[in-house]
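User: I would like to learn how to read a protein structure. Please take me through one, feature by feature.

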Amino acid sequence: ARWRSVAGGERRGMVKRVFVKRLPQGTPHLILTLSQKHVKADIVDKLMGLTLVSAHTTEMTIKEAVFGKLPTELDCKTYKCASMEAAKIVGRFIGTRANEKGIEKVRWERPGVYQGKIAAFIEGVREQGLKFI
């Protein structure tokens, strides 16, 4: 009877709030941002409000890994910086940097089955030994 009196949107909100409260506190969040030209990943401590580790395809070390050489302006204008290969390389870099900072577990907030750039990114992160909660 209680659920019938609550609208559908409110019911989904109630379920979400209960789920968020049960998650372990203090675990850093892994945030992935995809655009048409670039891939960016951050590991953020939301309690402190700090970015602990980040990796972005605008960094020269990542561009060298993607292209195998120092890139030109034309290379990034052809969308190679946002390819599946670039996403996997960014995943490897963020995993390596997290290991250097002593981060072993991160919270991943995208539920479901992954394909494409997201799957390549996760594969790159897992290759470096980072675990998802």
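User: How many helices and strands does the protein have?

Analyst: This is a predicted model, in which local features need pLDDT of at least 70, side-chain atom pairs count only at pLDDT 80 or more, and totals for chains, interfaces and linings use all residues. Residues are numbered from 1 along each chain as its sequence is written, and side-chain values use heavy atoms, with hydrogens and water left out. Helices (H or I, at least four residues) and strands (E, at least two) are DSSP runs, numbered from the N terminus. The protein has five helices and five strands. From the N terminus on, their order is α-β-β-β-α-α-α-β-α-β.

User: What describes two packed helices?

Analyst: They are described by the angle between their axes and the distance between the axes. Axes are lines fitted to C-alpha atoms, for helices over the stretch in contact, and the angles run from 0 to 180 degrees between N-to-C directions. Here, α4 (residues 84-101) packs on α5 (residues 117-127) at about 30 degrees, and their axes are 7 Å apart. The angle makes α4 roughly parallel to α5 (under 35 degrees; over 145 is roughly antiparallel, 65 to 115 roughly perpendicular, and the rest oblique).

User: At what angle do α2 and α4 pack?

Analyst: Helix α2 (residues 60-67) and α4 pack at about 135 degrees, with axes 10 Å apart. That makes α2 oblique to α4.

User: How far apart in space are F121 and L32?

Analyst: From C-alpha to C-alpha, F121 and L32 are 8.7 Å apart, although 89 residues separate them in sequence. For V125 and G91, which are 34 residues apart along the chain, the C-alpha distance is 4.5 Å.

User: Is M48 buried or exposed?

Analyst: M48 counts as exposed because its relative accessibility is 60%. M48 lies in the loop between β2 (39-45) and β3 (50-56).

User: Which residues form a nonpolar patch on the surface?

Analyst: L47, M48 and L50 form one, with about 340 Å² of accessible area together. Nonpolar side chains (Val, Leu, Ile, Met, Phe, Trp, Tyr) are joined within 5 Å, and like charges within 9 Å. Accessible areas come from the Shrake-Rupley method with a 1.4 Å probe; for residues, only the protein chains shown count as cover.

Note on methods
Patch = residues over 30% accessible without salt bridge, like charges linked within 9 Å, V, L, I, M, F, W, Y side chains within 5 Å. Salt bridge = Lys/Arg side-chain N within 4 Å of Asp/Glu carboxyl O. Buried < 20%, exposed > 50% of the residue type's maximum accessible area, 1.4 Å probe, protein only.
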